[in-house]
Amino acid sequence: MKKISVLGSTGSIGTQTLEVVRNNGDIQVTALAAGRNITMLEKQIREFHPRVVCVWEEEKARELKQMVADVSVKVVSGMDGLMEAATEASAEIVVTAVVGMIGIRPTIAAMEAGKDIALANKETLVTAGHIIMKLAKEKGVKILPVDSEHSAIFQCQNGEVEHGNRIHKILLTASGGPFRGWTREQMAKVQLEDALKHPNWAMGQKITIDSSTMVNKGLEVMEAKWLFGVEMDQVQVVVQPQSIIHSMIELEDGAVIAQLGTPDMKLPIQYALYYPQRRFLPGERLDFWKLNEIRFEKPDMENFRGLALAYQAGRRGGTLPTVFNAANEMAVSRFLKREIPYLTIVDMIEEAMNAHRVKENPTVEEILEAEQEAYELIESRW
């Protein structure tokens, strides 16, 4: 039995991870962690029988304890609880599917405990990639990407990097989101409901908004830099509206290798959990007779300035990617509450970046301080 811990078990990636577990008979869930959805968490406890369960909110954790009083499970809360779920003794691999920078400390703790990471929390590498990748090497643990694009790159490079072949360029695909081809003037009228309608993928609210602004693609560029040991300018974003090609690599001889498939997150999740083995996965397959064509476009960095700002943050490095990410988190949170207009999301990011004094090679504490500074700046100015 492969034993796993799932952080963010009630979110989109978490629930699909548990669907993969459900469809296979040889994975045991030893720990779960969620924010506040204790109704769903109770159902997961009763189905998967984890040893440890963390609820971020202490009050919700107390409620859950009463709800599962008849079950043998330890219920914990807060950051200490999240760290306990991440380091549950018997787990071999930890699926980090929590949203935001909250994922940094539990990811580090899991790696310190010798556990492999199925990484779905991109903020961990965006803000602390210099710490995470070094630690992975020191501890001899694997970081297995769960994002569809990074999983695609990981799959494409198999058999190449091992033989000493170098990646010349990463071609990171993007759907372009619901507003592909729109001008800023058109996007000025965007409402929350419009931004939550992704044309291809079913995702959580935050990542869906990030995809619509293309900030998500910027975060993925920064993540790819660390995961695959390349420079920012070696990662080229290519808009592929059908989401059929999930990403590509170009090798030094000009050969391009692509990973294709239907837009189904269970494929990269299952690949990470069973790597290097491939298992049957039920679902729709690509039909090239029906597909007819695959289209490509250049990303519009003038109207989608979030992507251009991500390149700026990634090239500069230090604490600037943290500020980019933190400002975006707060801005998206405000937009989801209908407190700011859609275009203000990127305006907030730009202002926070312009006001920030960058620290080089930051520690975890300095990363979290930069996050807090970005929050305070936005609170004071917006």
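Reply:
**A charged network and the cavities**

Arg184, Arg305, Asp347 and Glu350 are joined to one another in a network of salt bridges. The model you are looking at is predicted. Side chains of opposite charge can pair when their charged atoms come close. Across the structure there are 30 salt bridges.

Two members of the network, Arg184 and Arg305, turn up again in the lining of the largest cavity. That cavity holds about 80 Å³ of space, and a search of the whole structure finds 2 cavities of 30 Å³ or more. Besides the two arginines, its lining consists of Met187, Thr213, Asn303, Phe304, Gly306, Tyr342, Leu343 and Val346. Helices α8 (184-187) and α14 (305-316) each contribute at least two residues to this lining. By class, the lining has 5 nonpolar, 3 polar and 2 charged residues.

The second largest cavity has a volume of about 60 Å³. It is lined by 11 residues, and those closest to its centre are His246, Gln259, Asp264, Leu267 and Pro268. Two or more lining residues come from each of α7 and α12 (266-274). Of these, α7 gives the most to the lining, with 3 residues. The lining of this second cavity divides into 3 nonpolar, 7 polar and 1 charged residues.

Glutamate 351 pairs with arginine 381, and their closest N and O atoms are 2.9 Å apart. This pair links distant parts of the chain, since glutamate 351 sits in helix α16 (residues 344-355) and arginine 381 in helix α17, 30 residues apart. Glutamate 351 counts as partly exposed because its relative accessibility is 28%. Arginine 381 is also partly exposed, with a relative accessible area of 47%.

Arginine 334 has a relative accessible area of 12%, so it is buried. Glutamate 379 is at 49% relative accessibility and therefore counts as partly exposed; the class called exposed begins over 50%.

The last pair to consider is arginine 166 with glutamate 252, whose closest N and O atoms are 3.7 Å apart. The link again connects distant parts of the chain: arginine 166 is in the loop between α7 (148-157) and β8 (167-174), and glutamate 252 is in the loop between β10 (245-251) and β11 (256-260), 86 residues apart. The distance still qualifies because a salt bridge needs the nitrogen within 4 Å of the carboxyl oxygen. Arginine 166 counts as exposed because its relative accessibility is 57%. Glutamate 252, at 53% relative accessibility, is exposed as well.

Definitions and conventions:
Residues are numbered from 1 along each chain as its sequence is written. This is a predicted model: local features need pLDDT of at least 70, side-chain atom pairs count only at pLDDT 80 or more; totals for chains, interfaces and linings use all residues. Side-chain values use heavy atoms; hydrogens and water are left out. A salt bridge is a side-chain nitrogen of Lys or Arg within 4 Å of a carboxyl oxygen of Asp or Glu. Helices (H or I, at least four residues) and strands (E, at least two) are DSSP runs, numbered from the N terminus. Buried means under 20% relative accessible area, exposed over 50%, partly exposed in between (1.4 Å probe, protein chains only). On a 1 Å grid over the protein atoms alone, a cavity is a set of points where a 1.4 Å probe fits but cannot get out, and a pocket is an open set with protein on both sides within 12 Å along at least five of seven lines; lining residues have an atom within 4 Å of a point. Grid points are joined across faces, edges and corners, and a volume is the space filled by probe spheres set on the points. Ala, Val, Leu, Ile, Met, Phe, Trp, Tyr, Cys and Pro count as nonpolar, Asp, Glu, Lys and Arg as charged, and the others, Gly among them, as polar.
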